[in-house]
Amino acid sequence: GDISSSIAPVAVLRVEKFSLIPKKATSKKTVKKESKVTKQKPITKVEIKETESSEDKNLEAFLLKAQETIISSLKQEKEEKTKPSKREIGFISAIGRDASTIADSVTQAFGSLQDQLKINGMTIDDIFFVHLFLKDLAEFKPANVAYKRNFSGVNAPSRCCVQMPLEKGVRVVLDAMCSVRPRNVLHVQSISEWAPACIGPYSQATILDHFIYMAGQIALDPGTLIILNRGDLQWEMKTCVMNCRKVLIAVHSSFQDALVCVVYWSFPKLKGGESVVMKAFETECKSVDIDASKLQVIYVPVSRIPRDGLVELQFYSRENKSRAAHLHQYPPTMTSTTVNAVPFFKTVTNNIYIKEKFLSTSIRLLFPSKVTKAPVLKEIISSIRDIIANLLEDTASLKTSDCQSFRIFHHENLPSSKVANVFGTVVPCKPHCVPIAQKKTLMGTTFMNIHILFVNKNKKEEIKDVPQEKSRFVRINLRPMISSKAALEKYRDMKKLKEVEDAIDDEDEDEDEDDD
């Protein structure tokens, strides 16, 4: 059976110690008694002694040799088990170049991922979070079908998907966080009023070592899976925040336990820029009692949000104190500085860390108001490396090998492949580099936004023995739920009704393609 199955896990007993005891030799009395019963000729005293002596010696020698062999084998197995694996946790990325179809590009990217996983002693099932960036979200449906083919069962990794201005010749880019450790997931496919169902083959949240990695949430109305007040930034932000809040509660967390929020916003649709997005998010934070001083927020402009939304939120959190006391032993510490730490650029660093456990750092390089010369990447790297080294020193036990995610959002004038190669020496894992959507001019724009996540993977003894729950999985036929009379009467507007019907058709087409 599959011990990691979320539906019917199988318990496996592993023997750690045992001993072998020879059977006692048959006594003379027993032999005589049996002789009487069978009325056979009694065996003489000399015959009995000789038989016991030769058999006992052979048996004893055999058992001793067998015992030594088995104990030696178990000892070797135990040593191999206790050795750290090649990578208990990893971060990898891949690209899918232009192909005849988007499905071929997605398949190409996953082929590269599998090769990298194999090198690290992992498989595709060890992936627990994926960032999926498409050059054109109009190809989302076939890309989604091709994506789904790579994962089996209900424990699909959580996912965040947006459109980015990928470099020429690249159609899809994805990165993956992976781990051989056991994890729990929240995977909901039912239509309800509490939170939106997944609109793709992914889980809404993944819990690994008591940290929570939430899938990206857009402003879908839970009951209809459509964006009702399309174009209203404040309404969409409020809906996103409430959806995230409900998911966090379901996985034994809250906004008070949240550590990082990545806010993806549509650059073409929001002409007011990052400032209006920041204002809308801060307004909603106040309405739900989010302490902004204890939450790191990273704003990323993108070309397009799924379902043509304005924003998409992705949270990193931790379980509450009753389930993960060791993660609440020290309060999160926030630091933010604006200095000229990197030559040529205005450098804004924003960090949140929990002593010995967790560090998320955002290093943003802004072009000066007047650009006089081109920046040199090699000069930037040395400064970035110094910043990271100082941060890790402040967080005590964390090391560069604890890197769990390394993403660089850069100006689209830079080739992603070159940025990845140059920054590959900063930490052990190669960075995932993606161009960001912004105005073409350099002055006052973001040259680079670096986000690195470190999680201490070694202090297992501090993790409390909390009973592990089965993955939460609910699947209900979508058509009866969404086409019910109550749901349709709730939204009489013909345009909204058409969107509901389209959502049903899309879901049915996806299922038909999967069956094929």
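The side chains of Glu-139 and Arg-171 meet in a salt bridge, with 2.6 Å between N and O; a salt bridge here is a side-chain nitrogen of Lys or Arg within 4 Å of a carboxyl oxygen of Asp or Glu. Because Glu-139 lies in the loop between strand E2 (127–134) and helix H4 (140–148), and Arg-171 in strand E4 (residues 170–179), the pair ties together parts that are 32 residues apart in sequence. Helices (H or I, at least four residues) and strands (E, at least two) are DSSP runs, numbered from the N terminus. Arg-171 is buried, with a relative accessible area of 15%. Buried means under 20% relative accessible area, exposed over 50%, and partly exposed in between, for a 1.4 Å probe and protein chains only.

The structure is a predicted model, in which local features need pLDDT of at least 70 and side-chain atom pairs count only at pLDDT 80 or more, while totals for chains, interfaces and linings use all residues. Residues are numbered from 1 along each chain as its sequence is written, and side-chain values use heavy atoms, with hydrogens and water left out.

The protein contains 11 helices and 17 strands, and 48% of its 516 residues count as buried. Among contacts between residues at least 6 apart in sequence, 78% join residues at least 24 apart; contact means heavy atoms within 4.5 Å.

Strand E4, which holds Arg-171, belongs to an open sheet of four strands with mixed pairing, in the order E1-E4-E2-E3. Two strands pair if DSSP finds at least two bridges between them. Strand E1 (89–97) and strand E3 (158–163) stand at the edges with a single partner strand each, so one side of each is left without a neighbour in the sheet. From one strand to the next, the twist averages 10°. Strands E2 and E4 are antiparallel and share seven bridges; Leu-132 has Leu-174 in E4 as its bridge partner. Helix H3 (residues 102–119) lies across E1, E2 and E4 and runs at about 150° to E1. For such angles, axes are lines fitted to C-alpha atoms, for helices over the stretch in contact, and the values run from 0 to 180 degrees between N-to-C directions.

A search of the whole structure finds seven salt bridges. One of them joins the side chains of Asp-209 and Arg-181, at 2.5 Å from N to O. This pair links distant parts of the chain, 28 residues apart: Asp-209 is in the loop between E6 and strand E7 (211–214), and Arg-181 in the loop between E4 and E5. Asp-209 is partly exposed, at 23% relative accessible area, whereas Arg-181 is buried at 11%. Another salt bridge is formed by Glu-319 and Arg-323, whose closest N and O atoms are 3.2 Å apart. Both ends are buried: Glu-319 has a relative accessible area of 4%, and Arg-323 one of 15%.

The loop between strand E5 (184–188) and strand E6 (205–208) contains Gly-200, which is buried at 12% relative accessibility. Not counting residues up to four places away in sequence, Gly-200 touches Asn-144 and Arg-159. The C-alpha atoms of Gly-200 and Arg-159 are 8.9 Å apart, although 41 residues separate the two in sequence.

Helix H5 (residues 233–250) has 18 residues and reaches 26 Å from its first C-alpha to its last, close to the 26 Å expected at 1.5 Å a residue; the expected span is 1.5 Å times one less than the number of residues. Asp-232 caps its N-terminal end, with a side-chain oxygen 3.3 Å from the backbone nitrogen of Gln-234. The buried residues of H5 include Leu-233, Met-237, Cys-240 and Cys-244. After H5 comes His-252, with a positive phi near 60°.

A further open sheet has six strands in the order E11-E12-E13-E16-E14-E15, with mixed pairing. Strand E11 (333–339) and strand E15 (432–435) are at the edges; each has a single partner strand, so one side of each is left without a neighbour in the sheet. Seven bridges join E11 to the antiparallel strand E12 (residues 346–354), and Ser-336 stands opposite Asn-350 in E12. Thr-361 is located in strand E13 (residues 358–366) and is buried, with a relative accessible area of 1%. A polar contact of 2.5 Å joins its side chain to that of Asn-351. Such a contact is a pair of N or O atoms within 3.5 Å; within protein, one must be able to donate a hydrogen and the other to accept it, and residues adjacent in sequence count only if both atoms are side-chain atoms.
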